[in-house]
Every structure is written in C-alpha cells, then in structure tokens.
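Please read the points below with the sequence and the model side by side. They go through the chains one at a time.

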Amino acid sequence: MATPSTSTSSTPSTSTASSPASPLWQRPWARWAGPPLIVVVLAVLPLVMTESANDTLARIGVFAVAVLGLNVVMGYTGQVSLGQIFFLGLGAYVTAYGVQSGWNIVLVFVLTCLIPAVVGLLVALAAARLGGLAIAMVTIALPIVGVPLAKRLSDFTGGSQGLSARFVEAPEGSGLYDDQWQLYVVLVIGGIVFLLTSLLVRGKYGRAFAIVKGNENVASSMGISPYRYKVLAFTIASLIGGVSGFLYMVVVQYTSPETMSFGHSIELLVAMVIGGAGSIVGSILGGAFYVVVPDLTNAVDPSLTALLQGALLLAVLFVLPGGLVSLPRVLMRRLRRSPAGRGSAAPPTTPSSTTGSGTAAEETETERQGHA
Amino acid sequence: MGKFIQLVVDGLSTGSVYAALGIAHVPEGRGTLGDLTVRENLRVGAYLRKDAKGVDRDIDYCLDLFPNLQDRIKSNASALSGGEQQMLAVARAIMSKPRLLLLDEASLGLAPSTAKNVYDAIRRLRTESGISMIVVEQNANLAFTLVDSATVLEVGRNVLTGTSAELKGMDEIRRAYLGG
Amino acid sequence: MGKFVQLVVDGLSTGSVYGAIALAIVLVHQATGLINFAQGGMAVLATYVAWRLTVNDVPLIFAILVSILFSFVVGAVVERWLMRRFERGDPDTAVVVTIGLLTLITGICGWLWTYNNQQFPSLFPLDTVSFLGVSISIRSIGTTLVIVVAMIALQGLFVGTKLGLALRAVAINPESAASSGLPVGRLLMVGWGLAAGLGAVAGALVAPQLTLTPGMLDSTLVYALAAVILGGLTSPIGVVVAAWIIGVLENLAAVYVPFIGFDLKVAVPFILIFVVLIVRPQGLFGRKVVVRV
Amino acid sequence: MNMHLRSRKALGIAVASALAVTMSGCGGDDTGRSGDAAEGAPSPGITDDSVTLGITTPLSGATAGPGTCTVAGVTAYFGAKNAEGGVEFGDGKTRTVEIEALDDTYDPQQAAANYDQLKGDVFAMTAGLGTPTNRAWRDAAIADEVPQVLIMTGDPLFSDTEESPWQLGFVPIYQNEGEAFGEVLATSGGDHRVAILSQNDDFGAGYVEGFKSAIEGADNIEIVDELTYEATDTSVDAQITELANSDADVFFNAMSVTPLVISSLQKAQQLGWTPSWFLPSNTSSPTAILEPGGAAAFPGIYSVSFSKAPQSPAFAEDPDVVEYLAALKQYGNYPDPPAFPHCQWSWMVGATLEQAFQNMEEPTRDSFMEALRSIENFEAPLMLPDTSVNTTEGGQPAVSTVVVQKYNGRGYDTVTAFE
C-alpha cells in the first residue's frame with residue numbers, strides 16, 4: 001500500500017518489477033512454445049499428483065486469482081486497496097447461498113461475478129473522486145464492516161456458523177475423483193481469468209492504468225481521465241475477487257465471516273508484493289506464497305507460525321525487493337557479473353529520488369534533476 | 001582557494017563534504033523543500049550554525065536581498081514560482097555562511113527579467129559579503145555581469161580562458177555556442 | 001443526561017488509546033515518509049519488557065522508563081538495519097516490510113512470553129471520581145492527560161525545534177537536506193526511535209485495560225490509521241483530536257443511532273472519514289497544499 | 001542461438017521441472033483416495049505398537065492462548081501414559097499414542113488444509129478449538145469417514161449423531177451452560193431483573209438461548225435489557241454503562257474474551273452497579289479474571305463448570321490436580337500454570353480417548369467410534385463431583401452435565417440455589 005498521501009501512490013516508481021513480463025517470455029519461440037506446453041502440463045498434472053497435492057494446487061489457484069484482482073487495482077493502477085478479501089468473501093457467500101437455494105450453477109457463477117463487480121463499482125464511483133487517502137480508507141472499511149454485517153444478515157449468510165455447500169462432486173461418467181475435478185474447475189476458470197487479464201493489461205487499458213499509476217496529472221494532461229480508469233480498475237478487481245470467491249467455495253466448500261477478516265486482506269497485499277507487484281506471473285507466485293508458507297511453517301514448528309512467517313517474509317524482500325518474479329532477472333545479473341567477481345545484487349528497483357513527500361499533490365519535477 | 005584544491009574529496013557523499021568544509025551548493029533542480037515554509041527552508045540552510053542571533057540576522061539580510069521572498073515567508077515553498085524558488089535556493093545556500101558558493105544554472109527555466117533580478121541580487125551579495133563563487137551558466141552575457149574570469153567549455157574541452165572583460169565581445173564565444 | 005456524558009467520557013478514554021498509536025504513526029511519517037504497520041507491534045514488545053521488569057519487582061515507573069529507552073533503541077536499529085534499505089524503493093514494498101516486521105515481532109513475543117493474557121499493573125489507581133452525576137475512572141483521565149502531553153510535546157518538537165525541522169526536511173528530500181549538512185542517516189534513526197518510544201508509552205497506558213498479549217494493539221491499529229487519515233498526515237494535534245472524535249462518536253452512534261447498534265459501530269470512523277474527505281481532502285487539520293507542476 | 005539465449009532457456013526448463021517435482025513431492029505417500037480402505041483392514045495412523053492422533057487448532061493469533069492449551073493437555077496425558085509403556089487397547093495390544101498438531105490461526109481455509117494434510121497419516125482428529133474452523137472440514141471428514149471427536153466447540157451440530165456420524169463435541173454445548181444457570185435462577189424464588197450482554201456469534205447466542213429456555217415458565221424472572229458486542233472490540237464500557245441504567249440485579253454475561261470480562265467487572269464497579277454475575281466456564285478463572293477484575297465487590301459471581309480449577313487453593317492438594325500439573329510441565333511443554341480451562345478439558349479428552357481405546361476390539365475407525373459412543377458415567381480425572389462423561393445420549397456432547405458454582409473470594413463452591 002503506498003503511503004496514503006496521493007503523492008507517493010503516484011511516485012513514478014521506476015522499479016523494474018512493474019515491467020509486465022519477465023524477460024523469459026519475451027523470446028519469440030517462448031511465446032509460441034510456452035502456452036501450449038503449459039496447458040499440456042496442467043492437463044496432465046491433476047491425474048498424476050496425490051490428493052493433497054491437488055488440494056494445495058487448487059488453493060494456490062484460488063488465491064492467485066485473488067492476488068491477480070488486487071494487482072489490477074494496485075500493482076498496475078497504483079491505487080491502495082486493502083479490501084480485496086471482502087470481494088472474495090462476498091463471492092463465496094453468493095455462491096454458497098445460490099447453491100443452497102438450488103439455483104443453476106451457471107447462474108450462480110454469473111451472479112458471483114456481477115454482484116461483487118456492482119458493489120466494487122459503487123464503492124469506486126464514490127471513493128475514486130477523493131484520491132488515494134479515501135480509497136485506502138474505504139477499502140480498509142470493507143472487510144472490517146463486512147464481518148459484523150455478515151453476522152447480522154444471518155438468514156443469507158448463516159451468521160457466525162457460516163454456510164457449507166458441497167456442489168463440486170466429480171460427474172459420474174468422468175471416472176475422476178472429486179479433488180481432481182475441483183482442480184480442473186479451478187484451472188479452467190482461473191486460466192481464463194488470467195488470460196483475459198493479461199490481454200487487458202497488455203493492451204490499451206493496461207497502458208492507461210500504467211500512466212494513471214505513474215502520474216495522475218500527466219495522465220489527465222494526456223486526455224486520460226484518472227477517475228474513469230481508477231473506477232474501471234477497481235470494478236475489474238472486484239469482479240476478479242468475486243470469481244476467486246467462487247473458486248474458494250469450489251475448493252473449501254464452506255465459508256463464514258472469518259473468510260473476509262481484515263488480517264487476510266493484509267496477507268493478500270503481502271502475497272502481491274512478494275510475488276511481484278504489477279505482474280501476471282507475480283500473481284501466481286503470490287498465490288503460491290499465500291498458500292504454501294503456512295504449510296511450510298507448520299512443517300517446521302506449528303507453535304512458531306508468526307515468527308517463522310515474519311522472518312521468511314523479510315528474508316525474501318531483503319534478497320528480492322522486486323518480488324519472486326524478479327528472481328530470474330537477479331540471477332541473470334549475478335551470472336553475468338560473477339565473472340567480474342564483484343556481483344553485488346543491487347536491488348533492481350532504481351530508487352526514485354524522494355521517499356515520497358507529504359504533499360497531497362504529485363511530486364514536483366523540480367525536485368529531480370531534470371526540469372519540468 | 002588553495003585549501004579546497006589540496007583536499008582529496010572523492011568517495012565522500014557530496015552533502016557531508018560541502019557543508020562541513022563551508023561549501024554551499026545551489027543545485028540545478030533547486031532542491032526546494034516543498035512542504036516547509038520559506039522561513040523553515042532558510043532555517044534548514046543554517047542547520048550547522050550555532051549562533052542563533054547570527055541566523056536571524058542573516059534571514060533578514062536574505063529577505064532584503066530577495067524582496068520577493070519577504071511576502072511569501074509564511075507560505076509553503078512548493079507554492080513559489082520558478083524564480084522565487086531559485087531565489088530561495090540561493091538564500092538557503094548562503095544561510096550556512098559558506099566560504100565558497102557553487103551556483104549551478106541559476107537562470108535555467110526563468111524568464112529573462114527574473115533571471116536578471118536573480119543575478120543582480122547575487123552580484124550585490126558578492127560585493128557585500130565577498131563570498132567566492134563558481135558559476136555554471138549557459139547564458140554567457142548574464143554570467144559575465146557577475147564573474148571576474150571565465151572558462152568556455154565545449155564538449156568538455158577547455159576551449160578558452162580569460163577575464164570576463166576580454167571574453168565579453170569575442171566572436172569565439174558566439175561560435176562556441178552556435179557551432180560550425 | 002448522565003448517560004450521554006458518560007458515553008463521551010468513555011469515548012475520550014478509548015479515543016486516547018487510538019490517539020497514542022496514531023501519534024507514533026504520524027511521527028514516523030513526518031520523519032521518514034513511511035506508514036509503519038509495525039508501530040503497534042513495537043509498542044507491545046516494549047510493554048513486554050516493562051512487564052518482565054515489574055515481574056522481577058522493579059518499580060513500575062522505572063520499568064516503563066527502561067521500556068521507553070529500549071523501544072527507542074529498537075526503533076533506531078530497525079530503521080538503520082531494516083528500513084534503510086527500502087526507504088528509497090517502491091513504497092508498497094516498504095509497507096509490506098513493516099507488515100513482515102509486525103508479524104516477526106508478534107511471533108517473538110508469543111515465543112518468549114506465550115500468547116496468554118498477562119496482567120500489567122496500572123499507572124493510575126482503579127477508583128473513580130464522580131462529578132456532574134457521572135463517574136469517571138482516574139485511569140481514563142490519566143490516559144487522556146498523558147496523550148495530551150505527548151501531543152503537545154510532539155507538536156512542539158516538529159514546529160519549534162531544530163531537530164523537528166531537520167526530521168521533516170529529511171522526509172521531504174534527503175539529498176537536498178544532506179546538502180545543507182543535515183546528518184540524514186542519524187536523523188532517520190532518531191525519527192523511528194522517538195516514534196517507538198512514544199509507542200512504549202501508549203503500550204504501558206493500554207496494557208492494564210486490554211491485558212498484555214502479543215496481538216494486544218492489532219485491532220487498535222486500524223482505528224489509529226483512521227485517525228491519521230481523518231486528522232491529516234502532517235499534524236499531531238489533528239490526529240489526536242480525530243482519535244477522540246472517533247472514540248466518542250463510535251459510542252454515541254452505537255447507543256443513539258438505532259440501525260448502527262453495537263455490532264456496526266465499527267463503521268462510524270469510516271463514514272466520518274468519507275464525509276470529511278469529501279469536504280477537505282487533506283483531512284481536518286492537514287495543511288492545504290498547492291504545488292506548481 | 002547465442003550462448004546467452006541457451007543459458008536462459010536451460011534456466012526456464014529447470015524452474016518449470018523443479019516446480020512440478022515439488023508439487024508432486026509434497027503430497028506425501030501416494031495412497032489412493034482415503035475411504036478406499038477395505039472393511040476390517042487397519043485404518044491409517046495405527047500400527048501394532050502406536051496410534052497417531054491429529055489436531056488442527058489456533059496456535060497463533062488472538063485465540064492462541066486456549067488453542068495452545070487444547071494441544072498441551074492431551075499431549076501431557078498421553079506423554080505420561082507413554083512413559084509407563086503406553087495404553088492397553090481392546091484388541092490386547094499396548095500402543096503408545098502420538099499427537100500431530102498443526103496451527104490453523106483460526107482460519108477455516110487453513111484448518112481444511114491442515115485436515116487434508118493430516119488425514120492420510122492419523123487415526124482420528126481430536127481436541128481442535130473453534131466452531132468455523134471445525135465446520136470447515138466437517139463435511140470432508142464425514143465423506144472420508146475420519147473421526148472428528150471430542151472437539152472444543154459448543155456448537156450443537158457436532159453432537160447430532162444423524163447429521164454428524166463421525167463427529168462428537170466434548171464441552172457442553174453453549175445452551176447447556178446458559179440453561180444450568182437459568183434453572184438455578186428460576187428456582188430461586190426471589191424476583192430478579194436480568195441484564196444480558198452476549199458476544200455477537202454462535203457462542204453468545206447459544207448461551208442466551210439456553211438461559212431463556214430455562215426461565216421460560218418462571219414469571220419471577222424478567223429480562224430488562226439485552227445488548228451484544230464484537231469479539232474484536234477493544235472496550236465494552238459503553239454497553240456496561242447502558243446496562244447499568246437498567247439497574248438489573250442479575251447480569252448474564254456471555255463473554256469469551258478475557259480482557260473484556262475484566263474491564264466489564266471494573267467498569268460496573270466504577271458505575272456503582274453491583275449485580276450478581278453469571279460468567280461462562282471459559283472466562284471465570286479466579287486468578288486470571290476475577291482478581292484483576294476486583295470481583296470481591298459483587299454479592300455473587302456465578303459460573304458453571306465441570307472441571308476443578310487448578311489455581312484455586314481448595315484443590316491444591318488434590319492428587320488429580322497435582323499429577324496433571326506435573327505432567328503438563330514435563331510432557332505438555334506448558335511450563336507456567338494453565339491460564340485457560342481448555343488445558344484441563346484437553347486432559348480429560350485424553351482420559352476419555354483412553355476409555356475408548358480400551359473398549360475398541362479392532363484397530364479400525366468404525367470400532368473406535370463404536371467404543372467412543374458407549375462411555376457412560378465416566379468420572380474423568382479433574383472432573384467435579386456429580387459431573388461425568390456420557391457419550392450415549394443422542395444430541396449431547398461427551399460432557400453435558402455441569403454444576404453451578406459461586407465464587408468464594410478464592411475459588412468456587414458448588415451451589416444448588418441462588419442466594
């Protein structure tokens with residue numbers, strides 16, 4: 001989360017982590033060979049792996065989609081959002097309620113996308129006008145007010161006992177186990193969302209988001225209304241959050257007010273930055289971090305969860321301030337420079353000259369060497 | 001001048017070297033502290049000085065030197081115009097009572113009349129305080145109104161050196177700028 | 001009538017708790033331009049040190065002073081060896097580093113002193129004073145007074161002293177501040193140290209009521225952030241007043257506004273912020289800033 | 001292709017394959033889907049000389065205090081038993097009992113993940129704390145036919161044998177505790193005005209429901225004011241202030257957050273409101289709550305319990321308590337005196353499981369469930385007189401009988417009437 005003063009959220013962060021794709025995929029041959037190869041591997045994987053590996057991969061898929069949504073509004077558009085978990089929770093509730101009321105599953109999925117998107121749109125319409133501070137505070141309010149509200153609307157949400165919905169048994173004829181079927185559902189839906197989003201951020205909208213993130217005043221001087229694109233980014237993020245809520249129900253099949261607790265929103269932000277902000281592959285790595293780390297610390301020592309997770313987080317950021325997605329780039333630099341023997345892993349982010357002044361307006365050019 | 005030249009200064013961060021040795025630097029980007037008021041910017045300039053009365057006296061001197069700053073003393077530095085910010089940058093630099101003042105493109109981005117006011121004030125400063133100055137300036141004519149001697153650099157090479165009187169009218173200067 | 005005044009007084013006391021942490025957050029932001037999520041965690045760590053001393057029969061006042069000093073050192077060390085590396089980089093990364101620090105500190109406290117509720121002795125006696133038909137606990141008066149003193153001290157530091165001015169200059173533009181000879185490194189450490197010391201005071205004030213656990217100040221952090229946003233990032237007085245407003249309005253809304261009730265009173269600070277930000281985007285007391293591009 | 005490209009491609013493939021290996025590697029042994037085990041074949045997690053039990057419970061975060069206790073008690077119990085050679089099972093074999101506990105930070109999704117990880121290696125899941133966390137993997141446990149028994153939640157769903165064939169709660173359901181106090185109050189004869197403050201979740205709602213059902217007929221009991229609060233609140237002073245204005249003479253306080261109970265005791269005194277109090281079993285500890293809260297100022301502090309409080313002097317020399325505290329230090333790595341009753345309850349879970357092990361004929365989960373559901377009037381160690389474990393009653397958890405107790409300045413005495 002950039003410091004709430006708008007200036008820092010629009011500090012022209014020149015960290016290379018915000019480059020949309022790591023160099024590996026830019027090679028022409030990778031662009032052709034890569035995707036089909038991945039699809040084949042993902043198609044075979046669920047059949048090969050054990051049940052708990054399938055569950056883990058499915059949960060990684062759920063939270064990778066949630067982190068992707070957060071990236072759209074935060075990584076790519078530079079707005080501070082600490083409420084993404086609210087949209088996941090909302091999506092999960094819509095799914096659970098829909099399934100329990102026996103609605104058609106396709107209708108349930110459509111509603112799980114629409115309702116969070118509409119809520120996100122309404123919130124953004126009001127908040128985007130007020131700049132970084134307001135968006136940050138409103139998004140903090142969503143999960144914090146959402147939990148007691150979920151308890152109060154108990155006839156929809158099952159109150160504090162929550163709702164469970166088992167609706168993803170493997171179809172009879174397929175000969176698949178439930179966990180394999182669930183993993184396929186997550187991979188298909190998640191894959192589509194990732195594909196659409198990567199097209200979005202690479203296209204016209206992506207460039208507009210980047211400019212709004214870079215410098216809102218420059219954006220408006222170029223005829224790009226920061227307000228319109230912030231609302232769009234927030235709505236898309238809410239929609240993706242809803243989809244991740246649907247996938248959450250596919251995998252966990254139970255939801256309660258705890259699902260959307262504020263602590264998880266902070267963990268999603270951590271996952272986004274650790275994976276690599278503003279990057280598609282970073283979102284996947286972020287989802288993996290969110291899911292694998294608690295299992296890892298449980299394996300090491302269940303009574304030291306917080307200590308191990310804190311230490312691990314700081315260690316990763318110390319070595320890779322740009323997030324896990326910058327690992328290949330950092331290794332490359334180290335490989336190339338090691339013959340010269342002086343390979344210091346300077347942080348890849350080129351520092352902007354100020355740490356973000358407190359002014360509400362964007363950072364003035366005059367403070368940098370060049371002249372406006 | 002001798003003392004500075006003998007000292008080995010490379011490798012140290014510019015900030016600590018300049019201030020400690022009594023060198024004041026007016027950076028090209030002016031380094032204005034936007035959030036602070038004009039008075040606070042001046043006080044930051046005098047951070048290393050211990051004589052409180054002397055500092056107050058110098059603030060009044062600066063306001064006299066740059067009258068435009070007088071009525072903006074309370075407002076945030078970020079609200080000042082380009083010219084006013086340049087004046088503030090110079091004022092802040094001399095607040096540390098330097099022995100050597102480095103002026104880096106003081107007229108850049110200013111309207112000609114404002115640039116002239118800034119240089120007039122600096123000339124008055126030179127005569128009254130006797131601070132030695134090194135001025136980097138593209139606007140040759142403006143520079144010659146201030147400096148005693150000058151060196152013309154072309155693509156980094158020292159093309160010409162002499163007193164400002166000698167160099168003033170020479171077409172050499174024009175050729176160096178206009179090329180060909 | 002008594003009930004109304006009672007709710008206001010209770011609100012002021014809870015508001016002071018939010019205000020204390022908010023002050024520490026403003027101090028760090030003024031000095032380094034960062035929002036420190038670990039502010040509450042560092043305060044809890046200091047309070048555990050004070051608690052450990054009181055268990056070994058060290059007098060309370062002395063234990064608290066030691067914990068303030070300890071916290072100052074921890075704040076400076078954290079800035080020098082952890083935050084320094086991230087201050088110039090991407091602001092989102094810096095915030096996540098403070099979140100990592102919060103998790104680590106909570107883990108250390110849980111590991112060394114378990115997650116059980118520890119009793120922390122109170123600076124102020126437990127009995128109450130009644131006036132205007134309202135009974136006010138000396139503890140809440142004491143808490144409010146200490147926060148007022150801290151607020152005035154902080155405001156004085158930032159506006160009146162050379163150190164305060166230097167801290168702010170460094171936060172705005174470290175290179176430019178350095179060119180005037182300001183020891184940027186040491187000032188950043190001092191900024192974090194002061195904030196951590198202030199956090200230790202807040203921890204010692206709050207622990208008797210909340211009982212000491214590693215996550216004692218977690219829920220306060222959100223309210224402190226709300227107060228910081230509402231009060232304006234540049235003004236210590238504004239932030240404490242905002243914290244009081246939040247504390248009082250929360251109680252009043254819970255009782256008098258039928259729909260809100262006690263479960264949704266948590267929404268009050270956010271609705272308040274929304275209204276204020278529509279009118280004054282820089283917060284109640286923050287300075288209006290005009291910048292020429 | 002220049003050298004540069006080839007090295008980058010090699011790196012790409014290396015990363016991809018590494019990812020695939022870790023994915024398949026971390027799945028543990030490649031058993032078929034659980035629930036495939038043939039009838040009568042030994043269930044996972046049990047061998048001839050040992051049985052493994054799984055626990056997923058909050059070991060960090062806000063509920064880590066009681067969560068840590070739910071592991072410490074049962075680990076200490078079987079640690080002591082293993083030191084004496086182990087537990088003699090119904091099929092004649094003596095086995096040691098190992099405990100595998102994982103932290104779920106009270107997050108339902110993590111609890112389900114922990115269950116997925118444990119279900120392949122453990123014989124049964126037990127002792128986990130929390131309603132949402134236990135509910136998250138209840139359906140999966142039923143589908144996989146893995147026992148989820150003697151868990152620390154008062155949610156009635158787990159004790160309903162039709163709905164939850166493989167589940168059984170341990171602690172009295174919230175309604176039992178509220179009902180027990182309601183009955184004592186209703187039969188007290190005097191007229192009483194009751195103020196209620198309850199936690200806004202199934203915990204608080206369960207207590208209030210039980211209390212109201214017990215005082216339904218009694219016309220001498222009148223509820224004058226009823227408010228709720230959030231478990232994440234930092235203060236309930238505002239609620240106490242409003243309830244004090246109702247000048248009720250009995251205060252029914254269904255609250256599970258220790259600091260808030262202490263501050264409500266203090267706040268009531270400050271307002272000069274000193275009713276008789278009712279406190280739930282898990283927030284009525286004399287040393288951790290009543291002393292700091294200054295409870296002596298109130299005419300009567302009532303709570304319900306079924307376990308002896310180890311800190312209260314009355315039980316200082318009690319052999320059960322002495323043995324329990326020693327084992328807790330030695331085997332449960334829980335050095336200081338237990339701050340939450342969950343440590344005692346988890347110790348009793350150990351004893352109850354031992355009963356089931358002794359009666360089960362075959363090393364299978366079915367036989368275990370059968371044995372577990374046939375325990376009657378078992379006085380587990382640390383239980384108060386005339387309370388017992390009884391798993392044969394439909395719709396009731398292992399412990400459903402509680403006694404009402406009154407605080408006597410140092411500990412609690414069982415009472416039958418409301419003075």
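1. In chain A, buried residues make up 59% of the 372 residues, where a residue is buried if 20 or more other C-beta atoms, placed from the backbone, lie within 10 Å of its own, exposed if 12 or fewer, and partly exposed in between. Please keep in mind that this is a predicted model, in which local features need pLDDT of at least 70, side-chain atom pairs count only at pLDDT 80 or more, and totals for chains, interfaces and linings use all residues. Residues are numbered from 1 along each chain as its sequence is written, while chains are lettered from A and ligands numbered from 1 in the order in which they are written.

2. Chain A has 15 helices and two strands, these being DSSP runs numbered from the N terminus, with helices (H or I) of at least four residues and strands (E) of at least two. Of the contacts in chain A with a separation of 6 or more, 78% are between residues 24 or more positions apart; two residues are in contact if their C-beta atoms, placed from the backbone, lie within 7 Å.

3. Arg334(A) belongs to helix α15 of chain A, which covers residues 327–337. Arg334(A) counts as exposed because it has 12 C-beta neighbours inside 10 Å. Its C-alpha atom is separated by 41 Å from that of Val252(A), which is 82 residues apart from Arg334(A) along the chain.

4. In chain B, strand β1 (residues 23–26) runs parallel to β2(B) and is joined to it by four bridges, and two strands pair if DSSP finds at least two bridges between them. Within this pairing, Ile23(B) stands opposite Leu100(B). Strand β3 (residues 132–136) of chain B also pairs with β2(B) in the parallel sense, over five bridges, and here Leu101(B) stands opposite Met133(B).

5. Together with helix α7 (residues 112–129) of chain B and β3(B), β2(B) makes a right-handed β-α-β unit; right-handed is said of a crossover if, with the strands pointing away from the viewer, the path from the first strand over the helix to the second runs clockwise.

6. Chain C has 11 helices and two strands, and 67% of its 293 residues count as buried. The C-alpha trace of chain C spans about 60 × 50 × 30 Å along its principal axes.
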